[in-house]
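Let's take a walk through this model together. Have a look at it first, then read on.

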Amino acid sequence: MTKKLNHKQKSTARVAISTEKSNGPLLKVEDVFLYFKSATGGLVRAVDGVNFELNPGRSLAIVGESGCGKTSLAKAILRLLPRNVATYKGRILLSGTDIMKFGDERFRHDVRWVKISMVSQAAMNSLNPVMKLKDQVAEPLLIDNRTSKKEAYERAREVFRIVGIPVAFLDRYAFELSGGMRQRSIIAMALIADPLLVILDEPTSALDVLTQANIMNALKKIKKELSLNYIFITHDIATSSELADEVVCMYAGQLVEHSTAERFYRDPLHPYAQKLMASVPTLHVYKKPEFITGQPPSLLNPPEGCRFAERCTKRFERCQKEPPLFAHGDEFVKCWLYERG
Amino acid sequence: MRQVISKLGRFTLMRALLLFLAVVIGVYLTVLIANMGGRIDDVRRAEIRYYIGQAAFGNQALRGLPPEEVAAMLEELAQLEFERLGMNRPFFPERSFEYLWRALTLDLGRAERINSDAGSRQVSNILLERLPVTLALFATADLVLFILSLFIALFLSRRYGNFLDRLIIGLAPSSAAPGWFYGLFLILIFGAVLGILPWGGMLDAPIPDTTWSYALSVLKHMVLPVTAVVLGALFANIYTWRTFFLIYSSEDYVELARAKGLSSRGIDTRYVLRPVLPPILTSFLLVLITMWMGQIVLETVFHWPGLGSVFYTATQVSDTPVILGVVVIYGYLLAATVFALDFVYAIIDPRVRVGGGAVRK
Amino acid sequence: MQNWLARLKGLRRYPSLIAGIVISVIFIAISIYAITAIPYSEAVRLWRAGPGVWDENPKNAGPVWLDLFTEGKSPRTIVVSSGDTGIINEEATGNGTKRVEIVLPFQYDYDGFPKELKLYTVAKYSGSREPTTISWQTPDGRIIILRENYFLKPDDAYYISQDAELRAQLSGMTPHIGLFADPNDEEKPLKGEYRLTLATEVPETADVSTRLVAAGQLHGWAGTDHRARDLMIALLWGAPIGIMFGVLAAIGAQVSTFILSAIGTWFGGKLDRLFQWLTQVNLVIPVLPLLILVAHFYSRSIWTMLGMVIVLNIYSASYLTYRAMYLQAKEAPYIEAAQAYGAGNNRMVFRYLIPRIAPTLLPQFILIIPLFVFLEATLSVLGLGDPLIPTWGKVIYNAVDEGALYKGYYYWLVEPAVLLLLMGVGFALIGYSLDRIFNPRLRSL
């Protein structure tokens with residue numbers, strides 16, 4: 001049976017964030033901005049005012065094409081800022097506490113991994129080549145004297161079992177594992193500190209379809225057993241549909257639609273999302289995949305008004321001004337077409 | 001653990017053998033070159049004649065004889081000896097291997113003109129006496145260079161692009177000049193013009209009597225040569241290593257380590273320093289080899305009584321056995337350096353000892 | 001290829017590259033000047049310093065610009081000869097001979113004493129020789145007899161400075177000081193017009209010419225060395241020698257390593273392992289001692305040294321660096337594609353692998369040039385340089401050997417050293433900048 005870290009161990013990690021099931025949302029992202037300085041001197045607006053909420057027990061998929069700001073959003077949540085950051089502001093509330101206000105050291109100690117963990121793309125390079133797997137996987141528990149070595153390794157064995165890797169591999173090095181196993185190790189690593197939220201950034205895009213299917217099943221199983229909250233970042237619409245309860249769609253650094261999965265995958269609201277879904281081939285229905293003309297705008301110099309207007313078939317004069325995020329039932333859309341709600 | 005040691009052991013043995021083979025080839029080449037004019041043969045003949053002469057000196061029976069007769073007799077004895085030792089056989093390949101063996105075991109007989117400080121004429125004594133002197137200077141300089149380069153490079157890699165970074169990078173071309181070059185300038189400034197540090201040599205005269213003052217004196221004399229060596233390699237080294245640090249700290253697993261909540265110290269040691277050590281060590285090996293070469297001129301310029309300066313003196317007075325001897329010792333020293341680094345490599349990089357083949361960049 | 005050209009245009013952003021190019025161009029210009037103004041054979045002749053070549057130079061004189069740092073005017077070399085400003089008086093005696101009196105006047109306005117005083121006389125005639133009198137007149141009218149009853153040789157060299165009798169006559173003062181000293185203040189020279197008179201009797205048809213050399217303390221733009229050779233020659237010629245040695249060695253060594261590394265990596269397996277092991281062997285072979293060995297026992301010619309340096313560097317450590325790059329390039333899909341359509345090994349190596357990695361060869365190649373330039377200097381400093389040609393290392397060797405630092409002739413050491421450093425730094429600047437531009441791993445930073 002799966003074993004979570006007991007209450008005593010968690011409190012020694014000086015957690016100041018409530019872990020009980022509160023009534024409020026698990027994660028609330030409010031007016032978050034993240035701009036970078038580009039090499040040529042301009043400002044890249046990777047995350048340009050994003051707002052959304054995620055309730056406990058719900059998993060979220062963030063979709064969009066390459067370069068729309070999805071990964072930057074993840075980095076913004078985990079405060080993994082590069083050297084050339086220009087602007088970083090907003091509020092990020094985790095179970096009601098604004099973690100943006102934490103100092104760097106407190107953030108590192110209290111939030112990273114223990115509350116929010118991450119599974120990154122291309123696990124090939126995400127594992128330290130000169131450390132044994134068990135040391136890397138158990139590392140988040142070993143630092144800051146959080147648990148004893150014995151307990152940490154035991155926990156490592158446990159998470160390996162959960163993701164389906166033989167525990168003997170804990171004594172190996174990263175280069176001795178196949179691609180699929182490495183990806184699973186990363187997932188295991190993300191689970192070890194029993195976080196509230198796991199952000200997965202393109203977890204399967206570097207793998208073949210069979211391995212993809214395996215990983216997907218493992219994730220589904222984990223979700224059910226441990227009742228974890230996922231945020232799933234992907235450009236692969238098809239695979240994300242299996243795991244997501246809600247979908248956030250991003251375009252040019254902005255959030256353009258936030259709906260439930262059923263709604264998004266069948267009948268999205270935003271014209272961009274509609275085009276996106278229309279481009280995905282479906283198994284049981286015959287349809288000709290569509291495409292969108294033109295290119296997404298550069299994040300260095302986004303256009304005035306609605307950023308999708310240029311490529312939108314449904315644009316009209318209102319679109320010259322930037323639309324706010326309208327509520328539409330349970331959902332949110334950033335489009336003038338839904339002004340009246 | 002036992003498995004690791006045995007794997008390590010096998011690996012080490014293989015490397016040692018291969019390196020020794022390399023040394024053998026190097027020394028053989030030297031023997032061939034050195035004897036191209038029959039020089040080594042001449043030296044040996046002279047040595048044999050010397051010993052025969054010494055033996056005859058104590059022989060009463062020869063006392064009363066006229067000198068020409070004695071000389072003729074000695075020459076006859078010498079020729080007999082040559083025959084006995086097979087010196088009339090062709091050089092290549094038979095005797096060359098004999099010389100090769102003697103050279104490898106440093107059994108090089110008497111020097112032609114040079115004496116060791118203790119008065120011995122045996123080449124092996126002369127050289128072995130000087131070996132620790134050279135090693136002292138070499139080891140100190142390398143240690144200083146390694147530590148300085150490592151820390152400054154690490155320091156700079158976190159401040160990519162700022163003024164100090166660009167300044168030190170700009171100084172990288174200064175390493176185009178070797179250590180002895182800077183040595184000359186240092187002697188000029190600190191010795192001749194300012195007069196605060198000694199011009200050369202290893203000790204003050206008269207030689208200090210207490211161990212403490214002896215050590216201090218050596219240290220004082222080491223300052224300029226060590227500084228010269230370090231100057232000649234420091235900035236290029238910092239440039240290369242800082243580039244390595246930059247490349248290695250932008251690896252994905254470092255990013256993940258940050259996400260895992262590790263402190264920057266933890267990240268630096270486990271995620272940046274350990275993976276980056278192999279290429280740093282490889283580059284340092286090359287620096288070390290270059291420095292071994294430069295040692296010869298450096299010691300000459302600073303009159304440091306080590307292997308380098310005796311090599312120079314030997315070339316000045318044409319002392320063949322000593323020259324050969326130094327080349328052989330150098331071969332061994334270089335091989336030892338390569339071996340030591342390979343060993344450290346195997347310890348820190350699991351890919352080398354576990355996986356098939358080295359994955360060195 | 002277009003990519004590289006576009007990046008070259010961005011060169012303007014690299015000041016160190018511009019600086020390096022400027023320095024290198026200056027040295028190339030100096031080299032061209034040296035080769036054309038003083039042809040090789042002439043340079044060798046001058047450097048050999050045979051008799052008569054450097055008569056008019058002082059030994060160990062500093063460069064003229066040192067005067068800027070000292071008070072007063074240091075003496076430069078003065079040469080007065082009967083051919084130009086000398087005054088010749090001839091008078092026939094009637095019995096087939098003539099009395100000849102040559103007066104050599106000159107102005108002396110310097111604040112210091114000359115280094116040396118020499119008188120060269122050419123009196124080529126057969127028959128008996130008559131005694132000659134040589135006298136000296138100071139500005140304040142004193143006349144000092146330097147030599148009486150002196151018999152001139154056909155090619156006469158009278159080293160006034162070393163005349164012991166004269167020295168005694170001058171109360172122990174060295175002649176070139178005593179003859180110029182102000183009687184009131186013997187520390188300073190007397191300024192004004194001096195005259196040297198040579199009087200002798202020669203056959204009527206004979207020709208006598210004489211030349212007085214008062215060697216200065218400073219001479220030339222670079223000074224002179226212990227054999228009175230003008231250092232400018234060595235300083236100028238050091239440039240083309242250094243460049244030639246450095247570039248040729250770099251080409252020979254690097255290009256061979258580059259190609260061998262491609263071949264080794266391409267064929268893989270035993271060949272690759274063999275080549276790698278050869279690199280290890282090369283690492284262990286002590287290059288400099290071997291060079292010294294060869295230089296000492298056989299030939300110090302610069303071409304022998306060049307040849308050996310190249311041979312000993314074919315399997316240099318760069319082999320492994322290139323190999324790493326080739327290994328990566330080998331995995332590229334278009335390599336596999338080319339093999340699929342049946343490209344032979346030859347083609348694969350020379351048309352596909354090598355051109356791909358060639359741009360990264362350039363910075364390595366340039367960075368290695370200073371190493372070889374200094375290698376040549378190292379050999380010269382050890383006294384094992386080419387015996388004929390003047391190089392910077394040679395000058396440093398002379399300086400150190402003659403104890404330049406003890407004697408205060410700092411310029412002798414500093415001039416060639418600075419030039420060596422500048423040339424090395426010039427190439428290194430270019431190499432490092434190019435490395436920043438072409439190195440693929442640095443681009444992403």
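## Ground rules

A residue is called buried if 20 or more other C-beta atoms lie within 10 Å of its own, exposed if 12 or fewer do, and partly exposed in between, with the C-beta atoms placed from the backbone. By that count, buried residues make up 43% of the 341 residues in chain A.

Keep in mind that this is a predicted model: local features need a pLDDT of at least 70, side-chain atom pairs count only at pLDDT 80 or more, and totals for chains, interfaces and linings use all residues. Residues are numbered from 1 along each chain as its sequence is written, while chains are lettered from A and ligands numbered from 1 in the order in which they are written.

pLDDT is the predictor's confidence in each residue, from 0 to 100. Chain A has a mean of 82, with 92% of its residues at 70 or more. A contact here means two residues whose C-beta atoms, placed from the backbone, lie within 7 Å.

For chain C the mean pLDDT is 84, and 96% of the residues reach 70 or more. The complex gets an ipTM of 0.80 and a pTM of 0.77 from the predictor.

## Chain A

Helices (H or I, at least four residues) and strands (E, at least two) are DSSP runs, numbered from the N terminus. Chain A has 10 helices and 12 strands. Its radius of gyration is 21 Å, close to the 20 Å that the globule rule gives for 341 residues, so chain A is as compact as a globular protein of that length. The radius is taken over C-alpha atoms, and the rule is 2.2 Å times the number of residues to the power 0.38. Along the principal axes, the C-alpha trace of chain A spans about 65 × 45 × 45 Å.

Now zoom in on helix H4 (residues 133-142) of chain A. Is H4(A) mostly covered or mostly open? It's mostly covered, with 7 of its 10 residues buried. Among them are A:Leu133, A:Val137 and A:Leu141. The cover includes helix H5 (149-163) and helix H6 (179-191) of chain A. After H4(A) comes A:Asp144, which has a positive phi, near 55°.

## Chain B

Chain B is built another way: 13 helices and 0 strands. Its radius of gyration is 26 Å, well over the 21 Å that the globule rule gives for 361 residues, so chain B is more spread out than a compact globule. Its C-alpha atoms fill a box of roughly 95 × 55 × 40 Å along the principal axes.

Of the 361 residues of chain B, 39% count as buried. Among its contacts with a separation of 6 or more, 72% are between residues 24 or more positions apart.

## Chain C and its sheet

Chain C is assigned domain 1 (2-45 + 229-442) and domain 2 (71-215), with bounds from an automatic or database domain assignment. The C-alpha centres of these two domains of chain C lie 54 Å apart.

Chain C also has an open sheet of 4 strands in the order S1-S9-S4-S7, with antiparallel pairing. Strands count as paired if DSSP finds at least two bridges between them. Strand S1 (78-81) and strand S7 (155-159) of chain C are at the edges with a single partner strand each, so one side of each has no neighbour in the sheet. Strand S4 (residues 116-123) and strand S9 (residues 208-215) of chain C are joined by 8 bridges, and C:Leu117 stands opposite C:Ala214 in S9(C).

## Where the chains meet

Which chains share the most contacts? Of the 2 pairs of chains in contact, it's chains B and C. There, 38 residues of chain C are in contact with 47 residues of chain B. H15(C) gives the most to the side of chain C that touches chain B, with 10 residues. Chains A and C do not touch, and their nearest C-alpha atoms are 10 Å apart.

Leaving aside neighbours within four places in sequence, C:Ile285 is in contact with B:Gly26, B:Leu29, C:Leu290 and C:Leu312. C:Ile285 and C:Leu312 are 27 residues apart along the chain, and their C-alpha atoms are separated by 8.5 Å.
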